[in-house]
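Subject: Structure handover

Hello,

Here is the structure I promised to pass on. Please open it first, then read my notes below.

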Amino acid sequence: MKITQDNIFFILFTFLPISIIIGPAVSLINILFIGVTYLFFFFKHNHLRYLSKNIIIKILLILYLYLILNTLISLSFETSVLRNFGFIRFILLFLAINYLFYIDTKNTRTFYFWTIVFLVFIFDVYFERITGTNIFGWGAENPDGIPQAGSAIGFSGDRIVSFFKNEPIAGAFINGFIFLVIGYLLMASKNKKFYYVITIIFFILSLVAVLITGERASSIKVFIGFFIFLFFLDFLKFRTKLFFLLFLPCLILVIISSSDYLKLRYKGQFYDFLSSKESRDKTFEKNIYINLYKSGFEVFKNHPLLGVGTKNYRIETCKKNEKNPKYVCITHPHQIYFELLAEHGILGFILILSILFFLIFRILNQIIISRNYVQIGSFIYLLINFIPLLPSGSFFSDFNITLFMLNFSIMYAVNKKTNIFYSKKLI
């Protein structure tokens, strides 16, 4: 293959899922390379005169300017500066991905490779749940440091880490790509019912993979996303959709019942919460997530207008933990709304959510009309990130913001009606 700027561009983009798996540093470098490579085309074809008039770019720059301001008023400038100033790479990523789909409308090479990576990852999740370690011998460990295997049908007894080695975020990673990959497979099926059926079966296997990771929030999100996706699948008849709505909950119960660990993660704790008032009171008093939410809200009450600054939640709670018993000393409140309130105050909370919701929902009509399943998949992923009360990772962390902005960029890029480069001919 001849080495050209176009090919380098596509290789870097294709490598994104693997770079995310390897770690934040590699993912960051890969995205920086994508941005720098795009700048070559930006200056070569004089994109500035067109993009300067684009409302989406203007709004993203407003968000970026706000993040810079947030850095200046943060409790710790040094803690916020890299994360806030570094957000510019995601604006470049948005431009780059839109341009990629402008010069290669279908971009099948990339999605084909992503599908292979996704298949391997799903296989590895099942492999680890059954054997106790993934194909490289990595696995969650018990307090004695020994990977556990066992349970009713051979399921191991710990959180799944897969290729992430020491972080239980496999379910969140699947969430980030499942709707994109399924959307691509549906688009590639070319109206052949047999391939549609195979894709739906693979979809369900992927959903179960999230379930068996033991990540409850990711499981709830992906199943809600699946039911939303069903609504958009116009090739399925109503009775088929109804079948899935009834079948899937039954399948979930069977899977959970097959493992003592999954019963503890899902059924046991939920049942205990509903069993008595005493249990509910104990949950509200002892549950770590509820205490984190309370802590996040307490930080917000103490810094109501502008918050403590991006990534400064830990600075506030750990420094003042002894003075305020409601504070929980940890990196972030583990819930997107409480995190935004604590770190950005009511003004930043309103600004960030207003910008994100406007950019996401402004093209909803085009998404519904186009029936582009890749675009629908990315839209659904963005949507499930904002489900209230469910625990989540830090929104602006490298892992989460990369998955979010990747799906956001693809949502615009894959449709000629929404791709920002189709409004003007740039070449």
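Phe 235 is partly exposed, at 24% relative accessible area. In this predicted model, buried means under 20% relative accessible area, exposed means over 50%, and partly exposed is in between (1.4 Å probe, protein chains only).

What does Phe 235 pair with? Its partner is Tyr 373, and the pair is edge-to-face because the ring centres are 6.3 Å apart and the planes stand at 85 degrees. The cut-offs: rings of Phe, Tyr and Trp (its six-membered ring) pair if their centres lie within 6.5 Å; planes under 30 degrees apart are stacked, over 60 edge-to-face, and the rest tilted. Phe 235 sits in the loop between helix H11 (216-232) and helix H12 (238-257), while Tyr 373 is in helix H19, so the pair ties together parts 138 residues apart in sequence. Tyr 373 counts as buried, at 5% relative accessibility. Helices here are DSSP runs (H or I, at least four residues), numbered from the N terminus.

The whole structure holds 54 aromatic pairs. Another one of them is Phe 179 with Phe 203, also edge-to-face, at 6.0 Å between centres and 85 degrees between planes. Phe 179 is in helix H9 (residues 170-188) and Phe 203 in helix H10 (residues 193-212), 24 residues apart. Phe 179 is buried, at 1% relative accessibility. Phe 203 is buried too, with a relative accessible area of 1%.

Now back to H19 (residues 373-384). Its axis comes within 8 Å of the axis of helix H20 (residues 398-413), and the two cross at roughly 145 degrees. Axes are lines fitted to C-alpha atoms, for helices over the stretch in contact, and angles run from 0 to 180 degrees between N-to-C directions. Residues of H19, including Phe 379 and Leu 382, meet residues of H20, including Phe 404 and Met 411. Contact means heavy atoms within 4.5 Å. The residues of this contact divide into 9 nonpolar, 3 polar and no charged. Nonpolar means Ala, Val, Leu, Ile, Met, Phe, Trp, Tyr, Cys and Pro; charged means Asp, Glu, Lys and Arg; the others, Gly among them, are polar.

How far can you trust it? Mean pLDDT (the predictor's confidence in each residue, from 0 to 100) is 86 for the chain, and 88% of residues reach 70 or more. Over residues 142-157 it stays under 50.

Residues are numbered from 1 along each chain as its sequence is written, and side-chain values use heavy atoms, without hydrogens or water. Local features need pLDDT of at least 70, side-chain atom pairs count only at 80 or more, and totals for chains, interfaces and linings use all residues.

Best wishes
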